[in-house]
Amino acid sequence: MDVLVINADLGPLHRVSLRHAVRMLVRRVAEIHEAEPDRLIGVYPLPRVVRLVRYVVTRWRYSKGPAWSRPGVITRDGGVCGYCGGHATTVDHILPRSGGGKNSWLNTIAACGGCNQRKGDRTPAEAGMRLRFEPTAPSWAALVAR
Ligand SMILES: [Zn+2]
């Protein structure tokens, strides 16, 4: 399990392993910002997000949100198929890759295997399928919250 490290001003920085996060707590360079309720690791609540005690200047701060990933798309969409509302296990490219569609947050949506197969290498309009919600570029918090 990964732990998100956020800056002293709450800007997200990067993810570290749980062990690394606990070491940061032990060294008092970070404090727990969000933890799993009812779960302990040693003397600490199990951290999900740790906050740096001192502000760290970073070049990339705020410049971009989380990078696109297939698991990220499914998490963003709550595991719900963007076409039928069923259980999503795949990621569909709204504009298919064969048509120049990119791996981007706004061009991908969680989809169940059936819908993904049915849509194939077509746009939703070509396939006669309608998106139930518009894809968005998620914040870090949206990907971490679940
Ligand atoms: Zn579906």
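Asn-107 counts as buried because its relative accessibility is 10%; buried means under 20% relative accessible area, exposed over 50%, and partly exposed in between, with a 1.4 Å probe and protein chains only. The model is predicted, so local features need pLDDT of at least 70 and side-chain atom pairs count only at pLDDT 80 or more, while totals for chains, interfaces and linings use all residues. Residues are numbered from 1 along each chain as its sequence is written, and side-chain values use heavy atoms, with hydrogens and water left out.

Asn-107 is in the loop between strand 5 and strand 6. Strands (E, at least two residues) and helices (H or I, at least four) are DSSP runs, numbered from the N terminus. A polar atom of the Asn-107 side chain lies 3.0 Å from the backbone oxygen of Lys-102. Such a polar contact is a pair of N or O atoms within 3.5 Å; within protein, one must be able to donate a hydrogen and the other to accept it, and residues adjacent in sequence count only if both atoms are side-chain atoms. Beyond its neighbours within four places in sequence, Asn-107 has contacts (heavy atoms within 4.5 Å) that include Asp-92, His-93 and Gly-101.

Next comes the zinc ion. Its protein donors are the SG atoms of Cys-81, Cys-84, Cys-112 and Cys-115, lying 2.3 Å from it. Donors are N, O and S atoms within 2.8 Å of the metal (3.2 Å for Na, K and Ca); water is not among the atoms, so sites may look incomplete. Along the chain the donors follow the spacing C-x2-C-x27-C-x2-C. Cys-84 lies in the loop between helix 2 (70-76) and strand 5 (90-93), and Cys-112 in the loop between strand 6 (108-111) and helix 3 (113-119), so the pair ties together parts that are 28 residues apart in sequence. Cys-84 is partly exposed, at 40% relative accessibility, whereas Cys-112 is buried, at 13%.

The domain assignment, which is automatic or from a database, gives domain 1 (2-57) and domain 2 (63-141). Their C-alpha centres are 31 Å apart.

Strand 4 (residues 44-52) pairs with strand 1 (residues 2-6) in the parallel sense over three bridges; pairing requires that DSSP finds at least two bridges between the strands. Ile-6 has Arg-51 in strand 4 as its bridge partner. Strand 4 also pairs with strand 3 (residues 30-41), in the antiparallel sense over seven bridges. Here Leu-40 stands opposite Pro-45 of strand 4. Strands 3 and 4 form a hairpin with two residues between them, and Gly-42 in the turn has a positive phi of about 65°.
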